[in-house]
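Please open the structure in a viewer and keep the selection tool at hand.

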Amino acid sequence: VLKTRKKNYCIFRHASDEFIIVANSYRYSHRLTESPLYFGIVDFDEGSDIFQMLRINTAPVFMHFPAKGKPKPLDTMDIQRVGFASEMIAKWIQERTDVQIRIFRPPNYSSTLALSVLFAICSSFLYVRRNNMEMFFNKNLWGVFSVLFCLNMISGQMWNHIRGPPLMHRNQQGIITYIHNSSQGQFIVETYIIIILNTILVFGAVIMIDSYTKKTDSKTRKIMTVGGLALVVFLFSVILSIFKSKAHGYPYSFLIK
């Protein structure tokens, strides 16, 4: 059973879509006489009494109700750890019911269309600039693209794409947390925080390098060097502090504990 709190929130809509994919995959690949499973969705706006009866104060929640007895703690899917991608939901259902579900995703032509449009734009640009290709040999341009690619990869965007983590989390005290407290998980907002911190850190390193390559007076170079060094040291301390809060038992810290 999937329970959502608000229809308009992107995270809940995405969770509902993944759940429906699992339900449809089960319907396509199993007969009703073979270990029947029943899938249902309850929305908070329409069934708040069910939330109160089950004592649920967070959403979305995936729960399994066994044929006999009451649900156990393992009958609630740990989406903070594994996410709520349809493949992970199917794996969790198999662990609870021994029913294997093969996921059938509907065809998604948006990626193909976007790739085709991008290819057409690049081809048109190359055709227009066919007599002037100097920009493609600009080392600064390739350097910027390389740094942006690395920042995107180390921020955890691919992990988000695979696991489908929540945007953020509200704990039992009602406090919203943006950083996951375990090294086995992360939130979507957390990845953007990390990429911003790393971007500023790289900017500080570039300032330090440029301070001795640009032809400026010594005072300006000194200011650039000290400013860049301060950014690198401070941002490195913040990132190390975040890592220490996630990897419990990590002994090292720098400036910020």
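Begin with the centres of domain 1 and domain 2, which are separated by 36 Å, taken over C-alpha atoms. To display them, select residues 8-97 as domain 1 and residues 138-246 as domain 2; these bounds come from an automatic or database domain assignment. The model is a predicted one, in which local features need pLDDT of at least 70 and side-chain atom pairs count only at pLDDT 80 or more, while totals for chains, interfaces and linings use all residues. Residues are numbered from 1 along each chain as its sequence is written, and side-chain values use heavy atoms, with hydrogens and water left out.

Next, select the interface. Here nine residues of domain 1 are in contact with 13 residues of domain 2 (contact means heavy atoms within 4.5 Å). The salt bridge count between domain 1 and domain 2 is zero (a side-chain nitrogen of Lys or Arg within 4 Å of a carboxyl oxygen of Asp or Glu).

Which helix gives the largest share of the side of domain 1 that touches domain 2? Select residues 79-82: this is helix H3, which contributes four residues (helices are DSSP runs of H or I, at least four residues, numbered from the N terminus).

Finally, turn to the spans that UniProt, in an unreviewed entry, records as "transmembrane region": residues 109-128, 140-159, 192-211 and 223-243. Such annotations may be inferred rather than shown by experiment. Select residues 140-159, a span that is 90% helix and 0% strand, with its end C-alpha atoms 29 Å apart (strands are DSSP runs of E, at least two residues). Then select residues 223-243, where the span is 100% helix and the end C-alpha atoms lie 30 Å apart.
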